[in-house]
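Please look over the sequence and the model below before reading the notes that follow.

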Amino acid sequence: MKKKIYPVVSIIFLLALWQLLVTIFHTPAFILPSPLNVLSALFADGATLVYHSFVTLEEAVIGLVIAALLSFVTAIAMDHWQIFKNSLYPLLVVSQTLPIMVLGPLLALWFGFGLFPKVILVILMSYFPIVVAFSDGLSKVSSEQINFFKTMGANEWQLYRIIKIPQGSNDFFSGLKVAATYCVSGAIVGEWLSAQAGLGYYMIRVKNSYQIDKVFAAILCVIILSLLLNMLTVLLKKGYYYILYRS
């Protein structure tokens, strides 16, 4: 219980310090609004923020689900065929050196300003942590266990279903948890570069009119969405293990 209280106390302290410093130094709201200004903007523009939040959430969830499915299949293929892993793994590492801000305009040029380019950006940001984590998890299964089940007549599919996937699932969900945090940021970057709706689009619009309190309100919405998706991955993990142990 105490471990949960410490972060809450830290956040309250930082918010109080922020409010105090802004009040003491009379910082203009168009440079750094106070927490109370941000809270006021959040409620004043609540309906608009909810609409844009759902747009961003849709992009993030679709991209995350596709990335998780692709990662699941790719990691199993990498584990099954070593030559495939040796060929693909370096490309995965190199892909992380590509700046997303450079890819965004290209995707907008190729696919327009709709949902598709944002989903691709989310996939690119979410795919790597999941596939690497799950691939490492599958490789941790001991050869003794594999040989034992082979002597019992288990085929390749049964080895993955009975041993490898259950034992590697903890790493899969660890990667998914990281990706769930990244995916909202990926959607936001896509909306900064080409969008007609979403929190990224909203942030650019209010920033250009110097409504910085609304920018911070949008940032708060981004944090909330990221935390919700993070919590969802935890629930999915618990649900998976509950079903696994019951069966």
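What pattern does the protein chain follow when read along the sequence?

1. The protein chain follows the pattern α-α-α-α-α-α-α-α-α-α, with 10 helices and 0 strands; helices (H or I, at least four residues) and strands (E, at least two) are DSSP runs, numbered from the N terminus.

2. This is a predicted model, in which local features need pLDDT of at least 70 and side-chain atom pairs count only at pLDDT 80 or more, while totals for chains, interfaces and linings use all residues. Residues are numbered from 1 along each chain as its sequence is written, and side-chain values use heavy atoms, with hydrogens and water left out.

3. Taken along the principal axes, the C-alpha atoms of the protein chain fill a box of roughly 75 × 50 × 30 Å. Of its 247 residues, 41% count as buried, that is, under 20% relative accessible area with a 1.4 Å probe, protein chains only.

4. Among contacts (heavy atoms within 4.5 Å) in the protein chain between residues at least 6 apart in sequence, 75% join residues at least 24 apart.

5. The protein chain is divided into domain 1 (1–31) and domain 2 (33–245), with bounds that come from an automatic or database domain assignment. The contact takes 7 residues from domain 1 and 8 residues from domain 2, and the centres of the two domains, taken over C-alpha atoms, are separated by 30 Å.

6. Between them, domain 1 and domain 2 bury about 680 Å², 68% of it on carbon and sulfur atoms; this buried area is the accessible area (1.4 Å probe) that two parts lose on being put together, summed over both.

Technical notes. Buried means under 20% relative accessible area, exposed over 50%, partly exposed in between (1.4 Å probe, protein chains only).
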